[in-house]
Amino acid sequence: LAAPDGEDQVAIRPAGLRGKRMVRVPLRPADAVPDRWQGARVLITGGTGAIGGHVARRLAAAGAARLILVGRRGPDADGAAELLAELSGHGAHATIESCDVTDADALARLLDAQPADEPITAVIHAAGTLPDEADLLGAGVDADAVLAAGRAKIAGAANLDRLLAGHPVTEFILFGSGASVWGTGGRPAYAAANAYLDALARRRAARGLPATCVSWGSWAGGGMVEEQTAEQLRRRGLNEMPPPAALRALEQALDRGERQLVVADIDWEKFAPVYAFARRRPLLLDLPEAQRALADDPARESTTDAEASGGVPLTEVLADLIPAERARMLLDLVRTNVAAVLGHDGAQDVDPRRAFKELGFDSVTAVDLRNRLSRSAGRVLPATVVFDHASPQALAEYLLAELGGGAEPAASLASEVDRLESLIGGLAREAVERTRVAPRLRALAARLDTAFDTAFGGGREREGVADLLAEATAEDVFELLDKELGTDGPAGELDG
């Protein structure tokens, strides 16, 4: 799997290794399946949720004879009574049942209670939650905790697969998520649970049983994500789909016998650069629109436009400044753009030594900041420049080295220490022990002590320097910095 071709999603099969790709599904002629829902008796898990309700309304309007809506709260769910009345208005016999589909015994009792002369003919598994997986990202998480986060999807689907074996089911539809295909930040268990649905659909198909799994993008009008999450997804290029359009796509998939597919509204100009900003993404190689978006680097275009506009290059502006002014200007440039990306009022709201991750950066904001700084610098900065330099201070020092003569060795060392400190803060104890980081850091500290002793002639002088700094006033420190950095103005001109 560590081959140089860079595949990051691989299936091991008897015929060899298979790399995962997203490809367009051609809209071939539909199979002849007239009136699929006419007279159908359909079990819908998550039936009282927003998506389940949209599905139920569509099936009732299409002539379904009986709808069994299953949810944990049953008739007590918000809007349950109104939904029943609406379905009855379409002529469907609808009931709402309280049942946890992850409980095999409870689900078996529900199925056994159905009239023998009206067996279930279709099932739509739309149950599921979007769990908060913050606790799963630390050390010491066991398999049970991961499974619990995806239990509604995994155990519910497995129970339906097993318990409906004796029913004349002609449609077995699993509602999955695009998280199983391209992943989702901070929710690995949710992505894995949806990948289980993909695999179950393929396994049923291999056994000659009906199965369709749709890896959905976001639905509008309520669904698995709240508005704040939906806005974050839109910024990444994952737009919400109107329910009628999503359900029409589901019908097309069923008409054409699809077993597993993605249905999502993706803005590739936004999605592809963010998705591939840190590394190559083989998943997108067979999508022409994604490849065009990756080839058309907005940072490259913007710097070209800036140069053509006749503006003075930043390198020329920096050349006219003394070293301290260059450093101050670049730090202000970084902080101002960080504030703009995060929606702050100004640079004063950005702590220059705080890690980008702590400031709230993700892949979208990292790409946005990189593009803004590329425009200002008049050159294309590396796609990962924000995450390669842990804080605004470290990033400004990188820009100084690239554009304005470089930082002093001590400043560069301080920047690297800041970056190291940020990385260590996110390490689990097991990782620290496995990589033997602590002994190496102690050895480096010993070498630093040796260098300090050599420079100052022994421990007494070193302690004297420490005492001097401890007793110095702010004016003393600023005066020392003025001398060291080569500034001629009053000490108050330096930022604290």
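# Helix packing and buried positions in a predicted model

Visitor: What should the 13 residues of helix α9 span, and how far apart are its end C-alpha atoms?

Guide: Helix α9 (residues 243-255) should span 18 Å at 1.5 Å a residue, and its end C-alpha atoms are 18 Å apart, which agrees. The expected span is 1.5 Å times one less than the number of residues in the helix. Helices here are DSSP runs of H or I with at least four residues, strands are runs of E with at least two, and both are numbered from the N terminus.

Visitor: Before we go on, what kind of model is this?

Guide: This is a predicted model, in which local features need pLDDT of at least 70, side-chain atom pairs count only at pLDDT 80 or more, and totals for chains, interfaces and linings use all residues. Residues are numbered from 1 along each chain as its sequence is written, and side-chain values use heavy atoms, with hydrogens and water left out.

Visitor: How many helices and strands does the chain have?

Guide: The chain has 23 helices and 11 strands. Of its 496 residues, 40% count as buried; buried means under 20% relative accessible area, exposed means over 50%, and partly exposed lies in between, with a 1.4 Å probe and protein chains only. Among the contacts in the chain with a separation of 6 or more, 69% are between residues 24 or more positions apart. Contact means heavy atoms within 4.5 Å.

Visitor: Back to α9. Which of its residues are buried?

Guide: They are Pro243, Ala246, Leu247, Ala249, Leu250, Glu251, Ala253, Leu254 and Asp255. What covers them includes helix α1 (50-61) and the strands β7 (171-177), β8 (212-216) and β10 (260-263).

Visitor: And what follows α9?

Guide: Gly257 follows α9, with a positive phi near 65°.

Visitor: On to helix pairs. At what angle do α3 and α5 pack?

Guide: Helix α3 (residues 104-112) and helix α5 (residues 151-163) pack at about 45°, their axes being 10 Å apart. Axes are lines fitted to C-alpha atoms, for helices over the stretch in contact, and angles run from 0 to 180 degrees between N-to-C directions. The two helices α3 and α5 are therefore oblique to each other. Angles under 35 degrees count as roughly parallel, over 145 as roughly antiparallel, 65 to 115 as roughly perpendicular and the rest as oblique.

Visitor: Which residues make that contact?

Guide: From α3 there are Ala104, Leu107, Ala108 and Leu111, and from α5 there are Asn159, Leu160, Arg162 and Leu163. By class, the contact of α3 with α5 has six nonpolar residues, one polar and one charged. Ala, Val, Leu, Ile, Met, Phe, Trp, Tyr, Cys and Pro count as nonpolar, Asp, Glu, Lys and Arg as charged, and the others, Gly among them, as polar.

Visitor: How do α10 and α11 cross?

Guide: The axes of α10 (residues 268-275) and α11 (residues 288-295) come within 8 Å and cross at roughly 70°. Helices α10 and α11 are therefore roughly perpendicular to each other. Trp268, Glu269, Ala272 and Pro273 of α10 meet Glu289, Ala290, Ala293 and Leu294 of α11. This contact of α10 with α11 divides into six nonpolar residues, no polar and two charged.

Visitor: What about α14 and α16?

Guide: The axes of α14 (residues 323-342) and α16 (residues 363-377) come within 10 Å and cross at roughly 140°, and the two helices are therefore oblique to each other. Among the residues that meet there are Leu333, Val334 and Asn337 in α14 and Asp368, Leu369 and Arg372 in α16. In total, the contact of α14 with α16 has eight nonpolar, three polar and two charged residues.

Visitor: How far does α14 reach?

Guide: Its 20 residues reach 29 Å from first C-alpha to last, close to the 28 Å expected at 1.5 Å a residue. Gly343 follows α14 and has a positive phi, near 80°.

Visitor: Loops now. Where does Gly74 lie, and what does Gly74 touch?

Guide: Gly74 lies in the loop between β4 (66-71) and α2 (80-89), and counts as buried at 0% relative accessibility. Not counting residues up to four places away in sequence, Gly74 touches Thr48, Ala80, Ile96, Glu97 and Ser98. Gly74 and Ile96 are 22 residues apart in sequence but 5.7 Å apart in space, C-alpha to C-alpha.

Visitor: Is Ser391 buried or exposed?

Guide: Ser391 is buried, with a relative accessible area of 2%. This residue is found in the loop between α17 (385-388) and α18 (392-403). Leaving aside neighbours within four places in sequence, Ser391 is in contact with Pro352, Arg353, Arg354, Ala355 and Phe356.
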